[in-house]
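Student: Could you take a close look at one part of this model for me, the aromatic rings and what surrounds them?

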Amino acid sequence: MAASRIVLGIESSCDETGAGLVRDGVLLGHAVATSMDEHARFGGVVPEIAARAHIHALNPVIGRALDDAGLRLSDIGAVAVTTGPGLSGALQVGVAGAKTLAYSLGVPLYGVHHLAGHVAADTLEHGPLPDPCMVLIVSGGHTSLLLVRDLARDPIAHLGDTIDDAAGECFDKVARVFGLPYPGGPAIDRAARDGDPKAVRFPRPLTGPRDSAYDFSFSGLKTAAARWAESRRETGVPVADGAAALQEAVADVLTRKAVAACAEYGVGTLVVVGGVAANSRVRELARMRCRSAGITLRVPPLKLCTDNGAMIAAVGDLLVRAGAEPAPLDLSIDPSAPLEYAALHPVAREPMAAGRV
Ligand code: KG4
Ligand code: ZN
């Protein structure tokens, strides 16, 4: 195992600019700035606005993360950066900043897959991941069920993915129809507190006996919830009930499939990560179902569920300690990078044979 270094992680794939510092699996400090408010009136992230906000935020955020950790620039021993997936203009800002720092400090650079960052976020709270573990990753752009072994070395096996919308996308789009503010996920979560989850029976997509066991689909559910709201527009949409019922349907499908996958593959730990892991009902139902199935559940604390730089530093730290080959300084972004390995550049490894199970 290679010697450890203090790793600076930089995240800029969407609307959060994050910087975090990690050494030996320990979070030393981090800071996040968000351009969320600038996108709110458009009802979704505007790529150009996000990229410009990253340019303004990057240096101050790195400075705040260093202050938080009580460190100086010269203490940084490696730089890790999200190279994809994400918005290309937004990714470019982080990658340019990371290259500049790595070059000027004379330290190695690592390109990291954003979703591997979400997975690694949990290690900062709960320690190293058991090998193997089941990971349910639920964010604004992705919904996947993954069989993860050694995150720094092994290929990540996809047991299932969404065939259309991601869970977070479903929340965000339905929230708009419900007249709730952006971002929709947290707004649905808040509205659902006063609602009855049984008030409406929304569909549970891809849960039939002939359906793919571990793939997801949220587009039909999104349409069902939007139609339900539209048909009640005249009389006033009972938003709290709609939000509670939608949240119940999403949480039910996600946790049912994740727990079934653990049982089928004989895996004792489920890790739920990504922005939607912040959802209170997803967390609660996962806890209940894992408890009755004898599965250990790991969910990162809220601040590490949504996008941040600490999670990218966590992957960088794993790569450093695994002795992975650093990225070349001409490392480029990959806005639609598939999740195959945690590092998004060639590192010394076997050719990928069994990416999908
Ligand atoms: O992982 P993330 O911060 O960014 C992406 O990589 O996409 O996830 C953002 C997604 C958004 O769709 C947002 O609405 C959703 O996570 N989200 C939530 C909650 N907090 C964030 N969805 C449901 N309930 C929440 N409490
Ligand atoms: Zn994310």
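Tutor: Ring pairs join F178, F202 and W228 into a cluster, where rings of Phe, Tyr and Trp (its six-membered ring) pair if their centres lie within 6.5 Å, with planes under 30 degrees apart called stacked, over 60 edge-to-face and the rest tilted. Bear in mind that this is a predicted model, in which local features need pLDDT of at least 70, side-chain atom pairs count only at pLDDT 80 or more, and totals for chains, interfaces and linings use all residues. Residues are numbered from 1 along each chain as its sequence is written, chains are lettered from A and ligands numbered from 1 in the order in which they are written, and side-chain values use heavy atoms, with hydrogens and water left out.

Searching the whole structure turns up four aromatic pairs. In one of them, F202 and W228, the ring centres are 5.9 Å apart and the planes stand at 90°, so this pair is edge-to-face. F202 sits in the loop between α7 (184-192) and α8 (219-230), while W228 is in helix α8, so the pair ties together parts 26 residues apart in sequence. Helices here are DSSP runs (H or I, at least four residues), numbered from the N terminus. Both F202 and W228 are buried, meaning under 20% relative accessible area, with exposed being over 50% and partly exposed in between (1.4 Å probe, protein chains only).

Now for Y214 and Y265: that pair is tilted, at 6.3 Å centre to centre and 55° between the planes. It links distant parts of the chain, with Y214 in the loop between α7 and α8 and Y265 in helix α9, 51 residues apart. Y214 is buried at 8% relative accessible area, whereas Y265 comes out at 30% and counts as partly exposed.

F202 also shows up among the residues with the most contacts inside the largest nonpolar core, which has 52 residues. Such a core is a set of buried Ala, Val, Leu, Ile, Met, Phe, Trp, Tyr and Cys residues joined through side-chain atoms within 4.5 Å. Helix α9 (residues 239-265) supplies the largest share of this core, 13 residues. M134 is another of the residues with the most contacts in the core, and the residues M134 touches include Y265, L145 and L270, leaving aside residues up to four places away in sequence; a contact means heavy atoms within 4.5 Å.

One more ring to look at is F216: the charged end of K257 sits over it, 5.7 Å from its centre. That label needs NZ of Lys or CZ of Arg within 6 Å of the ring centre and within 35 degrees of the ring normal.

How values were computed. Helices (H or I, at least four residues) and strands (E, at least two) are DSSP runs, numbered from the N terminus.
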